[in-house]
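Student: I am new to this structure and would like to be guided through it. May we begin with the strands?

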Amino acid sequence: MTVTICADHADASARAAVIVAGALRAQPALVLGLPTGRTPVALYAALVGARLDWARARTFNLDEFAGLPARDPGSFRAFMDEHLFWRVNLPPAHIGFLHGDAADEAGECACYERAIDEAGGLDLLVLGLGANGHIGFNEPGPELRAGTHAVGLHASTRAANADRFGGDPARVPARGLTLGMGQVLRARRILMLATGAAKADAVAALIEGPLTTRCPASWLQVHPEVTLLVDRAAGAGLRDA
Ligand code: F6R
């Protein structure tokens, strides 16, 4: 794992943009895994500004709220439309997204898993980090799942997403659909961004802690190609920082 302590969030985002843009230029048919959240907003703005050619790229987002149609303003799909998809020349048919409102959740998850496999797997997976160590909606707990699955969201995760639902955690859907740890760990390369003091404990557990289902991100330690960009605040808990 390569860990870089960046000056601040803007610096980390700029470095992440260089990596993603470089990957897309080197491999125009890149299969890219993407997160939502506050962390990647500046990264997406930088990628939009870089005027890259997305015509042959394919994207698969990590997760979506269960029960929400894509057009719901609180959905992750709406977030991605606003911050990236509507601003670049990525063909809509190349956008992979879990349908939160699918009647058959298990079928939807299996279909998504198959679509990623048929695309050849993820070449580059960009990740954010939950303050509780979650990846996508893979929440800490007694077990983790390898496959794409439906999951109950922790109260802290609902609270962290409340701003998309009028600031009220009770309005945030209680469940989500998410890539499992299998697809995450099969990505050929992983780029994780974690900034802000709220992520310091999770960053320390991810890098220096034991492998444990209590910190899903700790499993990145077994991946051969992880680049982790943190700012000083998020890196403050590291022994060698
Ligand atoms: C969302 C996702 C989540 C976020 C994490 C951090 O698609 O994958 O795991 O990356 O909750 O969220 P922010 O960036 O808002 O702190």
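Predicted model: local features only at pLDDT ≥ 70, side-chain atom pairs only at ≥ 80, totals over all residues.

Student: Which residue in β8 does Val151 stand opposite?

Tutor: Val151 stands opposite Gly176.

Student: And how many bridges join β4 to β8?

Tutor: Three bridges join β4 (residues 63–65) to β8 (residues 175–178), and these strands run antiparallel. Within this pairing, Glu64 has Leu177 of β8 as its bridge partner.

Student: Let us change topic. How many residues does the largest nonpolar core have?

Tutor: That core has 40 residues, and Leu43, Leu47, Trp54 and Leu84 have the most contacts inside it. At least two of its residues come from each of α1 (9–26), β2 (31–34), α2 (41–49), α3 (76–83), β6 (124–127) and β9 (189–194).

Student: Which of them gives the most?

Tutor: Helix α1 does, with eight residues. Apart from this core lies another, of 31 residues, including Ile116, Leu129, Val184 and Ala234.

Student: What does Trp54 touch, leaving out residues up to four places away in sequence?

Tutor: Trp54 touches Leu24, Leu32, Leu47, Thr59, Leu84, Val88, Asn89, Leu90 and Pro91.

Student: One more residue, please. Is Ala194 buried or exposed?

Tutor: Ala194, which lies in strand β9, counts as buried because its relative accessibility is 0%.

Student: What is in contact with Ala194, beyond its neighbours within four places in sequence?

Tutor: Ala194 is in contact with Leu129, Lys199, Val203, Leu229, Val230, Asp231 and Ala234. The C-alpha atoms of Ala194 and Ala204 are separated by 11 Å, with the two residues 10 apart along the chain.

How values were computed. Residues numbered from 1 in each chain as written. Heavy atoms only, no water. Core = buried A, V, L, I, M, F, W, Y, C linked by side-chain atoms within 4.5 Å. Buried < 20%, exposed > 50% of the residue type's maximum accessible area, 1.4 Å probe, protein only. Helix = DSSP H or I, 4+ residues; strand = E, 2+ residues; numbered from the N terminus. Contact = heavy atoms within 4.5 Å. Pairing = 2+ DSSP bridges.
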